[in-house]
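User: Please take a close look at one part of this model, a patch on its surface. I would also like a comparison with some positions elsewhere.

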Amino acid sequence: MQCLSRRASWWMTAASFAWVWGLLSVAWPPRYLLCVGLAAYLGAATWVTTQTPWPGLVLTAGGLAALGLLGIGTQNPAPLGPLFIVLVTVGYLVAPPWSALAVPVLILSTAGPARWDLASIIFGGLLLVLPWWFGFRVRVRDARRRAAVEDARRLAGVDAAALARQAAAAERDEVAASALGVIGHAVGRMTVHATAARESLEPAVIEAIHRTGEEATQRLRALLVLLRDEPAGPAGTGEPETLDEGALDVEQLLPAPAPEDSGGWRQALTLGGPAALMLLDVVTMPFMLAALREVDDLALPAPEFVLFIVLPLMVAVVIRDRWPEVALLGAALVLVLGSVAGLAQVGRDGLWLIIAAVALSWAAGQAGTRRVLGAWVIFTMTLGYLVFIDTPYYLPIYLAMEALPFGAAAVWAGHHAVETASLDLVHLRQAEIAEAERHAVSRARLHLARDLHDAASHAVGTMMMQANAARVLRERDPGAARTALDAIVDIGQEAAAELQAMCTSPAPGVATAQGPGERSDPGAITEAIAPLVTAARRTGARVSTTVDITAPMASKDVVLLLRIVREGLANAVRHAPGSQVRVQVRVDADHVLARVNNGPARPHPGQDGGVPSVMGLGLGLRGLRELLGERQGELSVAATDGGFELRASFPPHHAERPVASS
């Protein structure tokens, strides 16, 4: 169980002592020592309450009972100070509903020994509920403040980069597994068909290779477009038309819809509730007093009193949050004019004026500005003076009912300000984390789309082209047809292995064994280009290479260079099969340059025309241009005399210092 700070405990103890001692000294001037003793006892009980609420509550109840036994009646406000302070403290420190038990305990310990009548017990009970409610409200706001501060502290220690890497890795694993299931299955079927067709050269089996490749191309196109752009599918399904249901489950990182405004009725109740209670008290209190005191004559309120005093105060209560200064000064003016005109009746039995004072004082403490403070002081002094000249023994009650909600609201507003500032930090940090995750996931998806295009699009396109060649050559040159089918098997196995590797490769930004500062020598780069050239030659292309490397390259530069060469060779094979292709690579300390150009398509041996080519996905050059743009490089593609040229250049990475990771 929490307790108050020592400073707050001393202030409340001093206030309780001063209240009891001051009022008892007025009531019993000759009994100085008794007044000091009772005040000291109740002050000590208040101190205990601020540290351990339940023992302090018992001590306070005993002191209040002693005051009643000594003759403190209903008209003496001496018990009110300790009562209010203890109830506020218990309401703040003890969780509901147990804290509400303090109200009946204290009212009974006060009313019993002092022999209060039923009307005084009801009036006192309603009065004592208010300080408990103030403490409870501050407790709720303080709990929210603590939670907001803790959330802000926790989020401040969150590593957004680590969360982003986790999100990117999870996204890559999920999508790569889906791609392996969709595209890898199609590549595997094409490989199986090619193996089966090698011996028999059945047209139907060879046609199945091409048909499966077309299906794989459509699925791959849908998958790549979804990874890049996430367009809505037909009928608002959010999935592309050619993608199988369940093949890919992509989380849409959209902001959650704003919750419906459920606070409108609460705000109306908060603003209008006290005003409605004022009117209810004015209308019903005469009947209640007549019933409790068993009298026949009803002291009904005058219409002028309701019209010119109660209703304007109700308006002030309703507008107190939006215009607190106007409400406070207007209420003071209404009371002054009503008193001058003989309509105010501030000593009239009932709670209507206390309700107005509490509501306006809470609004003033909640606003917390100097102008509102000045207006509240004017209102408090005005009301205190009017009560004093009408019914002096009510003055301490009204002063307490103005000072207590003002102080509680000031504390409440302080907690609210801290909570708001902490929530702003929480929302800002959450937005930063969400943006980091969104950016990392977007990069992972884009990176995966590029890898899929390189691994699957080029392979499927080449396999379809070889199937076309086998279909054309099966009668004229069965040996060449079988060679084309063998190429399909080899390409399919390589593509399957590359797709499988994507499921285990890290997403962008995830640390790998080979850092960006590691360098590759010229021989290793030449060896890395060789398999790409071999694969292109296997399709019938006549490839020549010129590699001039005078400086070591960073690993990420090698990856980008190989991607450029691969894209250029794939386009040449796809669109100009059998052509003369020339690959030129030049690397120095300042530039990395790659050129791939090809001549016109060349007829395959044994046939009259070129092997029909298949259309690509149209995303390879787009991805390459994006990669080079990120590296401040350039990409140009242009038609040449009967052929095509792809040219790319980018600045190399220089040696980097290794970054220590936590």
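Analyst: Leu118 has a relative accessible area of 48%, so this residue counts as partly exposed, because that class lies between the cut-offs of 20% and 50%. The model is a predicted one. Leu118 sits in helix 6, a helix that covers residues 118-156.

Leu118 belongs to a nonpolar patch on the surface, together with Ile121, Ile122, Leu126 and Met288. The accessible area of these residues together is about 390 Å². Helix 6 is the largest contributor to the patch, with four residues.

Now the other positions. Thr420 lies in helix 14, which runs over residues 395-473. Its relative accessibility is 32%, so Thr420 too is partly exposed. Thr420 and Arg145 are separated by 275 residues in sequence, yet their C-alpha atoms are 8.1 Å apart in space.

Thr191 is part of helix 7, residues 160-200. Thr191 is classed as buried because its relative accessible area is 13%, and buried means under 20%. A polar atom of the Thr191 side chain lies 2.9 Å from the backbone oxygen of Val187. Beyond neighbours within four places in sequence, Thr191 is in contact with Met463, Ile488, Val489, Gly492 and Gln493.

To sum up, Leu118 is partly exposed at 48% and is one of the residues of the nonpolar patch, whereas Thr191 is buried at 13%.

Key: Residues are numbered from 1 along each chain as its sequence is written. This is a predicted model: local features need pLDDT of at least 70, side-chain atom pairs count only at pLDDT 80 or more; totals for chains, interfaces and linings use all residues. Side-chain values use heavy atoms; hydrogens and water are left out. Patches are made of residues with over 30% relative accessible area and no salt bridge: like charges are joined within 9 Å, nonpolar side chains (Val, Leu, Ile, Met, Phe, Trp, Tyr) within 5 Å. Accessible areas come from the Shrake-Rupley method with a 1.4 Å probe; for residues, only the protein chains shown count as cover. A salt bridge is a side-chain nitrogen of Lys or Arg within 4 Å of a carboxyl oxygen of Asp or Glu. Helices (H or I, at least four residues) and strands (E, at least two) are DSSP runs, numbered from the N terminus. Buried means under 20% relative accessible area, exposed over 50%, partly exposed in between (1.4 Å probe, protein chains only). A polar contact is a pair of N or O atoms within 3.5 Å; within protein, one must be able to donate a hydrogen and the other to accept it, and residues adjacent in sequence count only if both atoms are side-chain atoms. Contact means heavy atoms within 4.5 Å.
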